[in-house]
Every structure is written in C-alpha cells, then in structure tokens.
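Biologist: I am new to this structure. Please take me through one part closely, and then show me what lies around it.

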Amino acid sequence: DTAPEAWPFRRGDQLVIGAVGRMQTVKDPLNLVEAFLRLRELCPRAWPRLRLAMLGGGPLLEAARERLAQAGAADQAWLPGDRSDVASLLPQVDIFALPSQAEGISNTLLEAMACGCAPVATAVGGNPELIDPESNGPLVPSQDSGALAAALARLVNEPALRQRLADASLARVRAQFSLDGMIAAYGALYASARA
C-alpha cells in the first residue's frame, strides 16, 4: 500500500482552481477542463501560475487527463483520482468550481466554502441555496464552458473580489449551516409558531 500522492502545488506562488466529485457525466468534469483551458486566452498573464486540481475517480478521469495533455496543460493539473484526505486538501484551493449538470445540496461545496474558497457553481439543484451571486459567488448555466471560464477568469483577475467572495462564503456557512446557526434558526421558527 503506497502513501497518497502529496499536494503538488505551492500556496501563494500558484492559483489553484479545485473541484471534488465523481468523474461522471452528471458532475460534468470535462466542462471544467474546457473552462480551465480557456483561461489561457482569458488570463494570459496569470496562465503560467494557474493550476487545476480535480479530486475524484470515475469513468471520465482518463478523458479529462487526456484532454489536458492534448492541450499541453497536463503539468498545470493534478487529477489523482479518489482521495480520502479531501478535507485536508481543500484549504489549499483558491477557487472552488462545481460544474455539475444536476446537484442536491452539495456537501463538498459547503466544505469548500467553510475552508475559505471562493466558489463558482452551476445554477442547478441546491447550488442557488448555497451561492448568492449578489454576495458570495457567481452561478453559471450548466454545460456552458464559456460562461464557467468567464466566471473563473473574473476571480483569477480580481484578487480583491476573490477574497471578498471567499470571506462571504465562509460567513454564510457559519451563519446558515453551522450547528449554532441551525439551533438559532429552529429557535426563531418555534418562537414565531408560538406567537
């Protein structure tokens, strides 16, 4: 049994766009790969320091690796397959991308927000309950790598915005999805029901 491959990127020197999920059609990992590759044109000055980390195994893993290699970007990406240490890796991510075609309330999106990642997600399922475009991150149409790339490029090019969205996402998780937040919400609900 070999030890898991270590995180290959240097915090601060590189800007990491990360994703966690099964490499299957509904999670649309190839959409994120295409969006990442578009950043070469959208963010030419930042491109040399951009990195893509996609954690998760599945039937599209090899296709994603092959597309990155074909585009000459394999050395800027890390697709290690399934990981048991996702919680310790998420704090290394600057921008968390969720390119799903369908989604419930995504635990990985919540975890990324709680780790201080600026989120970008598709406007499907429960994602709009976690991300408010007015306050903590962009929502984009599913299966639209151009829109996803544009949202990612904005966060790459605007560090102050990226930090503001990361801070707002962390605050949102603490206020609405923590145990204390849940207890306060139930208390307010019970109080209003008795009134």
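Biologist: Look closely at the open sheet: what is the order of its six strands, and which are the edge strands? Then tell me about the largest cavity, and which elements give two or more residues to its lining.

Modeller: A word of caution comes before the details. This is a predicted model. Now the sheet. Its six strands run in the order β3-β2-β1-β4-β5-β6. The sheet is open, and the pairing is parallel. In general, strands of a sheet pair through backbone hydrogen bonds, either parallel or antiparallel. The edge strands here are β3 (77-81) and β6. Each of them pairs on one side only. Take the pairing at one edge. β2 and β3 pair over three bridges, in the parallel sense. There, Leu-55 has Gly-81 in β3 as its bridge partner.

Next comes the cavity. Searching the whole structure for cavities of 30 Å³ or more turns up one. The space in the largest cavity is about 90 Å³. Three strands of the sheet, β1, β2 and β4 (95-98), each give two or more residues to its lining. By class, nine lining residues are nonpolar, two are polar and two are charged.

Start with α1, which covers residues 29-42. Phe-36 lies in this helix. Its relative accessibility is 0%, so Phe-36 counts as buried. Phe-36 pairs with Trp-47. The two ring centres are 5.0 Å apart, with 45° between the planes, and the pair is tilted. Trp-47 sits in the loop between α1 and β2 (50-55), so this pair ties together parts that are 11 residues apart in sequence. Trp-47 is buried too, with a relative accessible area of 9%.

The structure holds three aromatic pairs. Another of them joins Trp-7 and Phe-9. This pair is edge-to-face, at 5.6 Å centre to centre and 85° between the planes. Both Trp-7 and Phe-9 are buried. Together with Trp-78, they form one aromatic cluster.

Helix α2 (residues 61-70) has two sides to compare. Leu-61, Ala-64 and Leu-68 are buried. Seen down the helix axis, the buried residues of α2 fall within an arc of 70°, so they line one face of the helix. Glu-66 and Gln-70 are exposed, on the other side of α2.

Most residues other than glycine have a negative phi. Asp-28 is not a glycine, yet its phi is positive, at about 50°. Asp-28 lies in the loop between β1 (15-20) and α1. Its relative accessible area is 12%, and Asp-28 is buried. Gln-143 is not a glycine either, and its phi is positive, at about 60°. Gln-143 belongs to the loop between β6 (139-140) and α6 (145-157). At 55% relative accessibility, Gln-143 is exposed.

The loop with Trp-47 comes between α1 and β2. At the edge strand β6, the loop towards α6 holds Gln-143.

Conventions. Residues numbered from 1 in each chain as written. Predicted model: local features only at pLDDT ≥ 70, side-chain atom pairs only at ≥ 80, totals over all residues. Heavy atoms only, no water. Phe/Tyr/Trp six-rings, centres within 6.5 Å; stacked < 30°, edge-to-face > 60°. Buried < 20%, exposed > 50% of the residue type's maximum accessible area, 1.4 Å probe, protein only. Helix = DSSP H or I, 4+ residues; strand = E, 2+ residues; numbered from the N terminus. 1 Å grid on protein atoms, 1.4 Å probe; cavity = no way out; pocket = protein on both sides within 12 Å on 5 of 7 lines; lining within 4 Å. Points joined across faces, edges and corners; volume = space filled by probe spheres on them. Nonpolar A, V, L, I, M, F, W, Y, C, P; charged D, E, K, R; others polar. Pairing = 2+ DSSP bridges. Arc of directions from axis to C-beta.
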